[in-house]
Amino acid sequence: MSDAVLSETVLEISGLEFQWSKQSPVMHVDQLEVLAGERVFLKGASGSGKSTLLSLIGGVTTATTGRLAVLQKDLQSMSAKQRDRFRADHLGLIFQQFNLIPYLTALENVLLTGRFSKQRKISQKDAFTLLDELGIDSQLAEKQVFHLSIGQQQRVAAARVLAGKPQLIIADEPTSALDEETRDGYLDLLFHQCQSHGATLVFVSHDRTLASLFDREVNISDVVRWSNTSMNNEQGGAL
Ligand SMILES: Nc1ncnc2c1ncn2[C@@H]1O[C@H](COP(=O)(O)OP(=O)(O)O)[C@@H](O)[C@H]1O
Ligand SMILES: [Mg+2]
């Protein structure tokens with residue numbers, strides 16, 4: 001990480017509020033900042049709001065109030081369509097479920113990323129190379145993914161997310177179903193890819209043992225607060 005790169009803010013949240021529905025508690029995120037090239041480990045108990053926070057950062061859901069800027073673009077002011085485009089062009093989302101299309105080959109799954117974004121279109125040759133770097137040789141790359149082992153599918157999913165060099169990768173407990181050895185190998189390749197592409201990584205897990213591998217550890221309870229009222233209401237009295 002160079003200082004020049006570090007001066008850029010990749011994620012900036014302040015005074016954000018979100019509710020899953022009008023009846024559900026209000027999630028408050030007072031302040032969170034992530035700089036370019038950082039690898040951030042976001043930890044917290046189950047139900048503490050990790051996935052909810054990632055869905056906001058990924059533009060899958062939207063806050064009711066506050067500021068949320070990703071790659072210095074204000075997601076709050078975008079339409080749903082603009083957010084979809086922004087996500088396809090700039091973000092890599094990794095989930096525990098790999099979201100691969102089982103009857104397509106590994107290669108076709110990787111090429112799919114480029115179908116949703118011109119900016120991230122990669123050639124067949126580059127897709128083979130990327131898969132190979134992740135331990136999927138050209139023979140495996142042409143197999144339908146349901147023929148691959150779980151560990152191999154995980155690698156294909158990582159290749160699909162990394163295709164076309166997303167600037168920000170957000171990962172939601174991607175290693176929780178893996179055994180220790182597969183997990184360590186997976187983290188190694190994720191870090192390596194992030195570093196060589198200059199990508200920023202926000203990685204969520206409840207597994208504290210992983211924290212030391214990251215540049216920074218953020219406790220979700222220091223960032224997220226749940227209450228029954230919006231700050232707007234608290235300040236302005238009852239509606
Ligand atoms: N799709 C959803 N609809 C309604 N409530 C949800 C949804 N997803 C999560 N929640 C609620 O939001 C809170 C935080 O959940 P979540 O973000 O999934 O936590 P974590 O990922 O840390 O386990 C929980 O109370 C959960 O029930
Ligand atoms: Mg979760």
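Q: In this predicted model, which helices are included in what covers the buried residues of helix H4?
A: Helix H4 spans residues 106–116, and its buried residues include Leu107, Val110 and Thr113. The cover over the buried residues of H4 includes helix H5 (124–133), helix H6 (138–141) and helix H7 (150–162).

Q: Which element supplies the largest share of the lining of the largest pocket?
A: Helix H3 (80–90), strand E6 (91–95), H4 and H7 each give at least two residues to this lining. Five residues, the largest share, come from E6.

Q: Which residues that line the largest pocket are the closest to its centre?
A: The largest pocket has a volume of about 470 Å³. It is lined by 18 residues, and the closest to its centre are Ala88, Leu93, Thr113, Phe116 and Arg160.

Q: How many residues in the lining of the largest pocket are nonpolar?
A: Four residues of the lining are polar and four are charged. The nonpolar residues number 10.

Q: Which residue in E4 stands opposite serine 14?
A: Strand E1 (residues 9–18) and strand E4 (residues 65–70) run antiparallel and are joined by five bridges. In E4, the residue opposite serine 14 is arginine 67.

Q: Which residue in the turn between E4 and E5 has a positive phi?
A: E4 pairs with strand E5 (residues 73–74) in the antiparallel sense over two bridges, and valine 70 stands opposite lysine 73 in E5. The two strands form a hairpin with two residues between them. The residue in the turn with a positive phi, about 50 degrees, is leucine 71.

Methods:
Residues are numbered from 1 along each chain as its sequence is written. Chains are lettered from A and ligands numbered from 1 in the order in which they are written. This is a predicted model: local features need pLDDT of at least 70, side-chain atom pairs count only at pLDDT 80 or more; totals for chains, interfaces and linings use all residues. Side-chain values use heavy atoms; hydrogens and water are left out. Buried means under 20% relative accessible area, exposed over 50%, partly exposed in between (1.4 Å probe, protein chains only). Helices (H or I, at least four residues) and strands (E, at least two) are DSSP runs, numbered from the N terminus. Contact means heavy atoms within 4.5 Å. On a 1 Å grid over the protein atoms alone, a cavity is a set of points where a 1.4 Å probe fits but cannot get out, and a pocket is an open set with protein on both sides within 12 Å along at least five of seven lines; lining residues have an atom within 4 Å of a point. Grid points are joined across faces, edges and corners, and a volume is the space filled by probe spheres set on the points. Ala, Val, Leu, Ile, Met, Phe, Trp, Tyr, Cys and Pro count as nonpolar, Asp, Glu, Lys and Arg as charged, and the others, Gly among them, as polar. Two strands pair if DSSP finds at least two bridges between them.
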